[in-house]
Amino acid sequence: MTWRGSTTVTDRIFACLPYLLPLVDGLAFGKYLFFQFPILEQVLLLPLTPLIIIYQLIPFGLGALVVFFALFLGVVRNENINHFIRFNAMQAILIDIVMILCSIIMPFVVNVLPSSFIVETLFNVVFLGLLGTFVYVIVQSAQGRYAEIPTISDAVYMQVR
């Protein structure tokens, strides 16, 4: 629902772009699905390859940090930018934080769990959850609607005025 004014086509495109950040960060969780379904790897990784290369050019894994601060300081905190774009940028940042937390927790879970089947299932659940979220927010943003994700959207509304 667009309650803060109408959105143009360019606003919708710019609102969709920040969601590439959590998608690129979450690709590591798809390794088991990519092994089982090679076509999925080609469908997802082929279009994202230039972005992944640029992302990895920044040394020491600081690519995510640079993009994070660029989005947060350059877009979310800039009140001259449309609210719709700022909302989606902040929501993408929070989804990315969830992915980073999963990346931090997962090595401990892998060491604790006895079965590789359980680990594989957890990786698949995280990746499919991310992929489903990505598709949902892209479709909603492309239609000019605010993508409502429970808890995350509430936190975004508190941050973006």
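Mentor: A residue is buried under 20% relative accessible area, exposed over 50% and partly exposed in between, with a 1.4 Å probe and protein chains only. This is a predicted model, in which local features need pLDDT of at least 70, side-chain atom pairs count only at pLDDT 80 or more, and totals for chains, interfaces and linings use all residues. Numbering starts from 1 along each chain as its sequence is written, and side-chain values use heavy atoms, without hydrogens or water.

Trainee: What makes Thr 151 count as exposed?

Mentor: Its relative accessibility is 61%. The cut-off is over 50%, so Thr 151 is exposed. Thr 151 sits in the loop between H7 and H8. Helices here are DSSP runs (H or I, at least four residues), numbered from the N terminus.

Trainee: Why is Tyr 32 called partly exposed?

Mentor: Tyr 32 has 26% relative accessibility. That falls between 20% and 50%, so partly exposed is the class. Tyr 32 lies in helix H3, residues 31-36. Beyond its neighbours within four places in sequence, the contacts of Tyr 32 are Val 119, Glu 120, Phe 123 and Asn 124. The C-alpha atom of Gln 56, 24 residues apart along the chain, is 22 Å from that of Tyr 32.

Trainee: How do you know where the buried residues of H8 lie around its axis?

Mentor: The buried residues of H8 (residues 152-159) are Ile 152, Ser 153 and Val 156. They fall within an arc of 90° (taken from the directions from the helix axis to the C-beta atoms), so they line one face of H8. H6 is among what covers them.

Trainee: And H1? Which of its residues are buried?

Mentor: Asp 11, Ala 15 and Cys 16, in residues 9-16. Their arc is only 135° around the axis, which puts them on the same side of H1. The buried residues of H1 pack against helix H2 (20-26), helix H6 (83-112) and H7.

Trainee: What makes Ile 58, Leu 62, Leu 65, Val 66, Phe 69 and Leu 73 a patch?

Mentor: Nonpolar side chains are joined within 5 Å. Ile 58 has 31% relative accessibility, so it passes the cut-off of over 30%. Together the six give about 510 Å² of accessible area. Ile 58 is in the loop between helix H4 (38-57) and H5.

Trainee: Why does Pro 59 count as partly exposed?

Mentor: Pro 59 has 47% relative accessibility, between 20% and 50%. Pro 59 lies in the loop between H4 and H5. From Pro 59 to Glu 79, C-alpha to C-alpha, is 31 Å; in sequence they are 20 residues apart.

Trainee: How do you know how confident the predictor is in the chain?

Mentor: By pLDDT, its confidence in each residue from 0 to 100. The protein chain averages 88, and 96% of the residues score at least 70.

Conventions
Patch = residues over 30% accessible without salt bridge, like charges linked within 9 Å, V, L, I, M, F, W, Y side chains within 5 Å. Areas by Shrake-Rupley, 256 points an atom, 1.4 Å probe, with all protein chains shown as cover. Salt bridge = Lys/Arg side-chain N within 4 Å of Asp/Glu carboxyl O. Helix = DSSP H or I, 4+ residues; strand = E, 2+ residues; numbered from the N terminus. Contact = heavy atoms within 4.5 Å.
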